[in-house]
Amino acid sequence: MAQSAVIRPGHVCLRVLDLEAAVRHYRDRLGLLEIERDSEGRVYLKGWDEQDWFSVVLREADHPGMDFLGFKVLGADALTRLEADLKAWGCVTERIPAGELRHCGERVRFQLPTGHVVELYAQKDFMGNGLGRVNPDPWLEGIKGMQAQRFDHCLLYGRDIDGNIALLRDVLKFDLTEKVVDGELVVAAFLSCSNKAHDIAFVRHAEDGKFHHASFLLGTWEEVLRAADIIAMHDISLDLGPTRHGITRGRTIYFFDPSGNRNEVFCGDYTWYPDHEPIIWTADQLGRAIFYHDRRLNENFLNVVT
Amino acid sequence: MRGVDANAPSTGDLDAGSRLRGFHEIRILDAEQRIACTPGENLLRAMERLNLHLIPVGCRGGGCGVCRIQVRRGDYATRQMSRVHVSAADEAAGIALACCLMPQGDLEIEVLGSATSNPSAVLKPLQG
């Protein structure tokens with residue numbers, strides 16, 4: 001396994017224009033479970049196969065986008081050590097008290113060089129996936145919509161993605177798994193803290209702090225096609241797909257929530273090991289890198305962000 | 001309902017049948033084609049239904065700002081749009097996102113938004 005004390009993207013907090021429309025989208029179409037609401041009106045959801053209390057938080061606001069992305073780390077000692085390492089690297093960190101997000105322990109919050117707010121936490125209450133730990137069944141009955149198993153990763157847009165890469169590799173011990181280069185310039189980067197092809201990704205962009213998508217895992221290509229059916233059935237705003245990415249090899253479809261935040265559901269990347277060398281894509285082959293079948297770039301996919 | 005010169009004459013290019021069916025006619029400055037919009041339908045959806053490419057299409061949810069337009073004349077309603085792309089002052093001045101705008105009569109509009117106004121570096125090498 002990876003050497004990182006960071007184990008996974010554990011939650012994402014998204015801003016939405018209309019909370020109830022967003023809940024219907026994430027609960028009834030993606031198939032996340034609505035867990036609870038807090039006194040600030042935020043809604044907590046999770047994928048059926050996630051063990052912790054929540055992985056998606058929706059907050060009503062006057063503009064959509066991402067409030068913050070949280071990574072779970074392995075234990076309170078790791079959290080304290082990484083906080084010190086972040087400070088030593090030059091980050092300003094802030095401790096958010098336990099319980100500020102319901103059922104979540106203390107969080108260490110900092111900003112990436114691209115302006116995105118990221119936080120680390122070591123504890124979140126256990127809810128379980130409903131199958132138990134002794135002689136469990138393989139899946140849960142009665143899940144709605146696309147039946148997303150879990151939150152997987154985010155793609156974020158901003159200027160200094162070199163700074164993001166350095167911070168994540170040097171301080172949080174992520175691995176760079178793939179990158180897109182235009183000569184010497186890195187225009188996109190994919191990083192992993194685990195065995196996955198990516199846990200977070202960045203694209204270089206003229207404006208900081210932008211959100212491209214939050215991605216959720218499905219089991220099979222057949223389920224990706226079924227997600228496409230659900231998108232059509234409910235007249236959800238489709239972006240692209242179903243198709244295959246060259247980068248990460250994911251089989252994928254992209255669509256938008258009712259506030260214009262992009263979602264992905266996907267299946268099937270590859271297994272990353274920390275002794276692997278990063279995969280490199282060159283700008284002249286960018287079409288197939290992003291959309292392997294079409295081999296053509298799509299302006300909207302690349303430039304439409306919240 | 002929001003009015004920008006509510007007394008302006010309609011542009012009058014839709015056929016009588018469309019008028020009887022209650023269509024609103026949307027004229028885009030500097031464009032030949034018109035968009036016939038059914039009551040309650042948002043402008044961007046009407047355009048996409050007609051397979052026209054007069055206004056850039058983004059998220060269709062009021063979030064990305066790609067379909068930003070300026071209404072020059074006519075009445076319309078809007079649903080909530082990202083304040084990053086349409087400020088309160090913009091809104092008062094007749095700026096809106098086409099995906100969130102429901103015409104309530106004939107409109108004359110100008111396209112402001114573009115998917116390439118703030119491109120990612122991924123596209124830049126290919127655009128020169």
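Predicted model: local features only at pLDDT ≥ 70, side-chain atom pairs only at ≥ 80, totals over all residues.

Analyst: Happy to. The count comes to 1 cavity of 30 Å³ or more, where a cavity is, on a 1 Å grid over the protein atoms alone, a set of points where a 1.4 Å probe fits but cannot get out. Residues are numbered from 1 along each chain as its sequence is written, and chains are lettered from A and ligands numbered from 1 in the order in which they are written.

Lining the cavity are 23 residues, and A:L155, A:F190, A:H245, A:I247 and A:F301 are the closest to its centre; a lining residue has an atom within 4 Å of a point. Two or more of them come from each of β9 (150–158), β11 (185–192), β12, β16 (262–267), α5 and α6 of chain A, the helices (H or I, at least four residues) and strands (E, at least two) being DSSP runs numbered from the N terminus. The lining divides into 16 nonpolar, 6 polar and 1 charged, with Ala, Val, Leu, Ile, Met, Phe, Trp, Tyr, Cys and Pro as nonpolar, Asp, Glu, Lys and Arg as charged, and the others, Gly among them, as polar.

Now for the chain contacts. Across the interface of chain A and chain B there is 1 salt bridge (a side-chain nitrogen of Lys or Arg within 4 Å of a carboxyl oxygen of Asp or Glu). It joins A:D235 and B:R45 at 2.8 Å, N to O. β12 (200–204), α5 (286–290) and α6 (299–303) of chain A each give two or more residues to the side that touches chain B, and α6(A) gives the largest share, 4 residues.

The largest pocket (an open set with protein on both sides within 12 Å along at least five of seven lines) holds about 660 Å³. Of its 27 lining residues, A:D235, A:I236, A:S237, B:R45 and B:R60 lie nearest its centre. The lining divides into 12 nonpolar, 6 polar and 9 charged.

Methods:
Heavy atoms only, no water. Points joined across faces, edges and corners; volume = space filled by probe spheres on them.
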